[in-house]
Amino acid sequence: MTDLLEVRNISKYYSYKNGWLTPQRVCALEPISFSVKRGETIAIMGETGSGKSTIAKLISGAEVPSSGEIFLNGELLDPNNHQQRCREIRMIFQDSLRSLNPQLTIGKQLLESLLFNTKWSAAEQQEHVYVTLQKVGLLPDHFDFYPHMLSSGQQQRVCIARAIILEPQIIVADEAFAALDPSIRAQIINLILDLQEDMGISFIFASHSPEIVKHVADKILIMHRGKMIEFDSTQALLTNPKQQLTKMLLQSEQLNKALKHTTTQE
Ligand SMILES: Nc1ncnc2c1ncn2[C@@H]1O[C@H](COP(=O)(O)OP(=O)(O)OP(=O)(O)O)[C@@H](O)[C@H]1O
């Protein structure tokens with residue numbers, strides 16, 4: 001497998017004003033570098049506030065890095081070229097279900113990306129939406145449904161349809177499936193694995209769930225207070241973690257919840 005994505009020394013600082021004081025600078029992410037191969041799945045784990053979402057937003061182009069560069073197939077990605085980024089790298093957000101417009105039918109919402117990013121005829125666009133609905137396990141009839149007419153699992157399938165409709169090379173998901181019922185979550189994860197196999201998409205996802213990470217990820221990146229403290233294959237981190245935090249994050253869901261609780265109390 002060749003490197004599809006290369007992240008080189010990207011960092012993120014936020015500035016915010018605190019009353020009349022001089023602006024404060026927060027380091028959300030210290031410079032990190034890693035690469036992702038075609039078809040590979042990378043999980044990002046870490047406590048709350050460790051920088052997982054920041055990495056997801058920088059890769060998807062939702063935020064501009066303070067330093068560093070990102071290369072796709074060896075080509076430098078321009079942080080301000082949103083059209084290039086949104087074709088090749090798609091993001092599924094934490095509150096993806098709320099990102100569906102309640103006033104537009106599913107078909108119209110899926111057509112939007114095609115209108116802005118392709119020169120296809122209306123008939124070609126419509127046909128592509130039907131094919132995409134089918135790929136995520138929905139029916140052509142769902143084209144005319146409004147979001148409230150679908151179950152949460154079906155709505156999540158629509159979010160995945162929206163992510164794959166432009167046939168991207170990478171999907172970035174930020175805790176996108178955490179709110180789903182466990183049985184639906186399992187179906188959605190399996191759907192993503194099937195799509196990944198069919199379409200050769202690389203998948204980068206932030207997650208607090210060791211169960212999902214162990215099931216899905218080829219490699220795991222461990223974050224702690226804005227720093228990458230470990231990055232290795234899932235197997236290597238399960239059998240020989242170098243950091244105590246890695247061990248704890250990969251232990252059971254219950255221990256993980258306890259860890260999350262103690263870190264938020266700090
Ligand atoms: N827009 C912002 N302005 C100021 N600080 C921010 C901003 N976004 C994130 N941060 C800070 O950057 C750090 C990393 O945040 P980030 O959201 O990446 O963490 P996370 O690991 O994704 O957390 P969670 O698991 O809760 O989603 C935190 O200290 C956060 O408060």
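Contact here is a matter of C-beta atoms, placed from the backbone, lying within 7 Å, while helices (H or I, at least four residues) and strands (E, at least two) are DSSP runs numbered from the N terminus.

What you are viewing is a predicted model, in which local features need pLDDT of at least 70 and side-chain atom pairs count only at pLDDT 80 or more, whereas totals for chains, interfaces and linings use all residues. Residues are numbered from 1 along each chain as its sequence is written.

Now show the whole of α6, residues 182–199, beside α5: the two pack at an angle of about 20°, and their axes are 10 Å apart. Axes are lines fitted to C-alpha atoms, for helices over the stretch in contact, and angles run from 0 to 180 degrees between N-to-C directions. The helices α5 and α6 are therefore roughly parallel to each other, a description that applies to angles under 35 degrees.

To find the contact, select Ile 106, Gln 109, Leu 110 and Ser 113 of α3 together with Val 158, Ala 161 and Arg 162 of α5. These residues divide into four nonpolar, two polar and one charged.

Next, turn to the open sheet of six strands, whose order is β6-β7-β8-β3-β9-β10 and whose pairing is mixed; strands pair if DSSP finds at least two bridges between them. At the edges stand β6 (89–92) and β10 (227–233), each with a single partner strand, so one side of each is left without a neighbour in the sheet. From one strand to the next, the twist averages 15°. Within this sheet, select β3 (residues 41–46) and β8 (residues 202–206), which run parallel and are joined by four bridges; Ala 43 has Phe 205 in β8 as its bridge partner.

A second open sheet has four strands in the order β2-β1-β4-β5, with antiparallel pairing. Its edge strands are β2 and β5 (75–76), each of which pairs on one side only. The helix α1 packs on this sheet, touching β1, β2 and β4, and its direction makes about 115° with that of β1. Follow β1 against β2, where 10 bridges pair the strands in the antiparallel sense, and pick out Glu 6, whose bridge partner in β2 is Ser 35.

Finally, which residues lie around the ligand? Select Tyr 14, Tyr 16, Val 26, Ala 28, Gly 46, Thr 48, Gly 49, Ser 50, Gly 51, Lys 52, Ser 53 and Thr 54, each counted as near when its C-beta atom, placed from the backbone, lies within 6 Å. The largest share of this shell, three residues, comes from α1.

Conventions
Two residues are in contact if their C-beta atoms, placed from the backbone, lie within 7 Å. Ala, Val, Leu, Ile, Met, Phe, Trp, Tyr, Cys and Pro count as nonpolar, Asp, Glu, Lys and Arg as charged, and the others, Gly among them, as polar. Angles under 35 degrees count as roughly parallel, over 145 as roughly antiparallel, 65 to 115 as roughly perpendicular and the rest as oblique.
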